[in-house]
Amino acid sequence: MVRRTRALKPSTELTWTASRTYSPLECFTVSCLAKHRHDGDPLLRELGDAVLVHRGKPRSLLIACPDGCGGSLSVNLDPRAGKAWRLYRKGNAISLSPSVWRDGGCKSHFIVWQSRIIWCDRFEMGNQEPAYDAALEADVLAALDAVRFRSTHEIAEELNEIPWNVARAARKLVDRGLAEYPADAQRDRLRKTSMQESNPEQPRKGGFLAWMRRLLLG
């Protein structure tokens, strides 16, 4: 589906207070499984705890809010229950797409990318992206069309890849002049260009996170 990416809003347990001192998390791992949310909630004891609710298939991901506010989030993974995130696994690492944006309490907004927390709007100075595999650029370039704009999510599905990995590779292809975004400035779609017909675009300041902010917030 070709449209601007927007973050979904998870359900929350609001134990947040405005005077709380924040200690944001940089990464986490799923420590255990539960069959139901009421079984998993008591297991969220410390910052960084995450529990996967799984009954035949992933149903939701319970997370102790990674900004340290003391709240918790339930991220729906089951499309039958409404708007849902997609869970990606690589080894012991997990990723979620789209980004998680809490609409109450602390209003945290972050990306879960290979078990790393990539903060949006705040705490960004401590962000550390996962290791980059430049070989992915060739796969993304081969998947592009010279006429039709393709979404990074569509390409990620085709390559069995994490959308955030594809989005980063796509940005680097645009920086090199091998691909281009549409004139309407949507950064989740791109198509192939020719090096002979275009000059490589200079990378924009701010790198991937600045690009992601433009993608999510316009």
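A: Let us begin with accessibility: at 46% relative accessibility, E157 counts as partly exposed, because buried means under 20% relative accessible area, exposed means over 50%, and partly exposed is in between (1.4 Å probe, protein chains only). Please keep in mind that this is a predicted model, in which local features need pLDDT of at least 70 and side-chain atom pairs count only at pLDDT 80 or more, while totals for chains, interfaces and linings use all residues. Residues are numbered from 1 along each chain as its sequence is written, and side-chain values use heavy atoms, with hydrogens and water left out.

Q: Which residue does the side chain of E157 meet in a salt bridge?

A: In general, side chains of opposite charge can pair when their charged atoms come close. A salt bridge is counted when a side-chain nitrogen of Lys or Arg is within 4 Å of a carboxyl oxygen of Asp or Glu. Here the partner of E157 is R86, with 2.3 Å from N to O. This pair links distant parts of the chain, since R86 belongs to strand β6 and E157 to helix α3 (residues 152-159), 71 residues apart. Such helices (H or I, at least four residues) and strands (E, at least two) are DSSP runs, numbered from the N terminus. R86 is partly exposed, because its relative accessible area is 39%.

Q: How many salt bridges does a search of the whole structure find?

A: The search finds 13 salt bridges. Among them is the one between K90 and E161, whose closest N and O atoms are 3.0 Å apart. K90 lies in strand β6, whereas E161 lies in the loop between α3 and α4 (163-175), and these distant parts of the chain are 71 residues apart. K90 is partly exposed, with a relative accessible area of 39%, while E161 is buried at 15%.

Q: Which residues are linked in a network of salt bridges?

A: The network links R148, R150, E154 and E158. Within this group, the side chains of R150 and E158 meet at 2.7 Å, N to O. R150 counts as buried because its relative accessibility is 7%, whereas E158 is partly exposed at 49%.

Q: Where does the charged end of K172 sit?

A: A charge sits over a ring if NZ of Lys or CZ of Arg is within 6 Å of the ring centre and within 35 degrees of the ring normal. In this model, the charged end of K172 sits over the ring of Y132, 5.0 Å from its centre.

Q: Is N92 buried or exposed?

A: N92 counts as exposed because its relative accessibility is 75%, and this residue lies in the loop between β6 (86-90) and β7 (93-97).
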